[in-house]
Amino acid sequence: MLYGNQKIYYLLERVGDSYMKLETGSTINIKKKKKKKKIWDAWLLVIPTLAVFIFFFLIPLFFLFITSFKTFDASTGIGGEWTFQNYIKFISDPFYLGVLWRTVKIGLITTLVTIIISYPVAFQIAKAKGKVKNYLTLLVLSPLLISMVIRCYGWVILLSNNGVINSSLMKLGWIDQPLELLYSEFSVIVGMVHVLFPYMVLSIMGSLERIDTSVLRASQNLGASSLKTFTSVTLPLTLPGIFAGSVMVFSLSVSSFVTPSILGGPQVKVMSYITYEQVAVMLNWPYGGAIGFILIFIATITIVFYSKILSKSKKGVAIQ
Amino acid sequence: MSYLKIENLVKTYNKTEVVKKLSLEIKKGELMSFLGPSGCGKTTTLNMIAGFLDVDGGKIEVDNESVQHLPPNKREMGMVFQNYALFPHMTVFDNVAYGLKLRKVTKVEIKRRVQEVLEMVRLSGFEKRYPKELSGGQQQRVSLARALVIKPKVLLLDEPLSNLDAKLRQQMREEIVEIQKELGITTIFVTHDQEEALAISDRIAVMFEGRIEQVDTPADIYNHPETDFVSQFIGEVNRVRGKVLEVYENNKCKLFFYGSEQIVSIHSKQNSEIDFFIRPEKIQILTSPSNKGDEIKTIVERKMFLGPKTRYFLKIEDNHIVADISNTMINPNDIHQGSNVFAIWKPEDLLPSRKGR
């Protein structure tokens with residue numbers, strides 16, 4: 001009797017197993033087909049964007065890259081000979097190296113300052129709820145609604161020698177001579193931070209919102225003060241956001257043209273400005289192209305280096 | 001005698017009291033469950049004990065010291081969260097060592113204690129893994145180890161098993177009890193799963209709408225529910241109605257149930273109607289009348305084979321009841337749908353309802 005029962009159970013199990021196999025097998029097949037089709041649909045949607053990107057960005061960029069290895073001809077612009085001279089000229093000239101260093105320096109300082117001022121803002125917005133949160137987000141984004149040129153001229157009014165800040169300080173008698181605020185690296189950085197900080201806020205906010213409150217509670221429960229919880233849990237968990245924001249802010253900053261032109265003037269020349277000079281004023285396209293590529297190269301290296309430093313402390317987060 | 005003492009605890013959200021003057025005493029080394037449906041205030045109460053929520057009234061004492069004014073990081077309570085709440089950027093070792101580092105324990109000692117506790121939760125060798133590389137059960141074990149390693153005064157478990165699948169849940173709850181008894185740590189276990197609470201607790205506090213309905217051992221909660229809510233929430237019950245035919249001395253009444261007469265220990269008045277609860281496994285069925293006059297004629301509406309027992313859905317007049325009968329007592333093949341059977345129960349198994357009295 002027992003044997004019979006066991007046999008029945010065994011048979012039942014077998015039938016169940018093969019049934020399961022059959023079922024899962026077929027569902028997997030269906031899933032695969034569906035997935036394939038879905039992927040195609042998704043690609044169809046991407047094609048227009050991709051086409052624009054390839055034809056109007058990658059291919060021209062490639063031509064520019066080739067051009068940067070050509071000689072300069074005063075009459076036709078682009079000469080017929082191949083040469084490394086454009087790159088050698090840049091590397092061997094302290095003036096151009098100085099411009100490169102200034103550009104990267106402004107980029108790094110801008111990034112650092114935006115991180116410092118954006119974090120508390122992002123923290124408060126991430127903590128806020130409902131309507132308040134929407135209003136605060138809108139407030140942070142509002143600078144983006146105004147033309148960059150207008151915002152820069154706004155800073156000119158504030159920072160110039162007889163501008164609002166200098167005249168107020170002199171009236172108060174705190175200074176005799178106006179401070180050289182405008183047309184300096186300082187004014188460029190101030191303008192850049194103003195323009196770019198929404199990107200950083202949004203990026204940090206995103207990673208703050210992904211943190212589970214119970215993780216913070218766990219930290220406190222284990223004996224950590226609020227400050228300790230921030231430094232050992234919140235901050236490490238928001239490094240990906242800080243990194244994403246930094247990449248955006250840094251690349252936008254080193255490649256920006258309007259802000260340094262208006263707030264830096266001829267004294268604070270940056271890479272985009274001298275590229276413009278070569279291409280539009282001197283009509284030296286090969287050299288302009290070379291400068292452009294050096295900027296791309298340096299910016300990429302800086303970002304890679306930066307990500308290496310950050311990734312050291314965010315191993316587990318990357319998996320998340 | 002009590003180690004953790006809660007007195008008239010109150011919590012109010014938007015003028016609604018979600019915890020209403022709750023009082024409870026938990027003995028040292030005891031495993032107390034907070035059991036109730038969602039929204040009954042059990043997690044809110046736990047969060048107040050842990051210090052994550054401010055108390056709007058009342059007192060919380062641990063070892064005769066008032067703690068409700070302390071921030072969570074000064075309360076020395078170990079908490080295990082429903083979603084594990086491990087630090088995703090730290091390895092298993094660093095997660096467990098976190099609380100020890102904060103307590104300025106030496107490196108050697110940290111290593112020893114982390115290894116010891118990981119052994120206890122059977123996770124030795126997982127030190128270098130990150131939480132995302134572990135299964136749900138393993139993550140919950142790390143979470144438990146992290147709470148235990150600091151040797152907390154009280155261990156708080158907030159629905160720790162509800163994210164695990166059924167089999168693992170059972171296994172984990174046995175492990176939790178084993179560890180809890182081994183360490184003799186005073187523990188609060190919050191759950192909405194009555195089976196879980198009945199299986200592991202020393203005592204259960206059944207909560208409903210911000211109040212404690214009953215605090216008792218699992219057996220007493222099940223067999224002697226003090227309120228209607230407890231009788232209906234714990235286990236399954238049938239509701240039957242009886243009419244008092246005669247009132248005797250020493251609180252006994254003769255009651256009339258659907259054509260049968262029984263003498264029940266209850267205090268009541270002549271001709272009043274009383275609702276009773278009775279558990280499905282306390283009902284027996286007979287295929288032929290017993291001729292004692294205590295059987296009730298029913299019709300089998302449906303039956304459900306459940307392995308060791310069979311559940312019969314019976315119709316008594318316009319009332320429906322279920323009876324769970326062991327298959328060793330009655331062969332389910334002998335009872336057919338639509339046939340007449342006779343239900344009987346012992347008068348002492350009837351749980352009088354407080355409302356219908």
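Before the model itself, one convention: Ala, Val, Leu, Ile, Met, Phe, Trp, Tyr, Cys and Pro count as nonpolar, Asp, Glu, Lys and Arg as charged, and the others, Gly among them, as polar. I will need that for the pocket.

What you see above is a predicted model, in which local features need pLDDT of at least 70 and side-chain atom pairs count only at pLDDT 80 or more, while totals for chains, interfaces and linings use all residues. Residues are numbered from 1 along each chain as its sequence is written, chains are lettered from A and ligands numbered from 1 in the order in which they are written, and side-chain values use heavy atoms, with hydrogens and water left out.

Confidence comes next. The model scores ipTM 0.83 and pTM 0.79. The per-residue score, pLDDT, is the predictor's confidence in each residue, from 0 to 100. Chain B has a mean of 91, with 99% of its residues at 70 or more. Chain A averages 84, and 85% of its residues score at least 70. Residues 1-30 have 0 contacts beyond four places in sequence, a contact being heavy atoms within 4.5 Å. Residues 316-320 have 14 such contacts.

Now the pocket. On a 1 Å grid over the protein atoms alone, a pocket is an open set of points where a 1.4 Å probe fits, with protein on both sides within 12 Å along at least five of seven lines, and lining residues have an atom within 4 Å of a point. Grid points are joined across faces, edges and corners, and the volume is the space filled by probe spheres set on the points. The largest pocket comes to about 610 Å³. Of its 19 lining residues, the closest to the centre are A:Phe123, A:Lys127, A:Ile211, A:Thr213 and A:Leu216. By class, the lining divides into 9 nonpolar, 5 polar and 5 charged.

Which helices supply at least two residues each of that lining? They are H3 (94-127), H7 (185-209), H8 (213-221) and H9 (226-254) of chain A. H8(A) gives the largest share, 4 residues. Helices (H or I, at least four residues) and strands (E, at least two) are DSSP runs, numbered from the N terminus.

On to the sheets of chain B. Two strands pair if DSSP finds at least two bridges between them. One open sheet has 6 strands in the order E6-E7-E8-E3-E9-E10, with mixed pairing. Its edge strands are E6 (77-80) and E10 (211-216), each pairing on one side only. The twist averages 20 degrees from one strand to the next. E6(B) runs parallel to E7 (154-158) over 4 bridges, and one bridge sets B:Gly78 against B:Leu155. Helix H4 (136-148) of chain B packs on this sheet, touching E6 and E7, at about 175 degrees to E6(B). Axes are lines fitted to C-alpha atoms, for helices over the stretch in contact, and angles run from 0 to 180 degrees between N-to-C directions.

The other open sheet has 4 strands, antiparallel, ordered E2-E1-E4-E5. E2 and E5 (65-66) of chain B each have a single partner strand, so one side of each is left without a neighbour in the sheet. In their hairpin, which has 2 residues between the strands, B:Asn14 takes a positive phi near 45 degrees. E4 (57-62) joins E5(B) through 2 bridges, and B:Val62 stands opposite B:Glu65. Helix H1 (42-50) of chain B lies across E1, E2 and E4, at about 115 degrees to E1(B).
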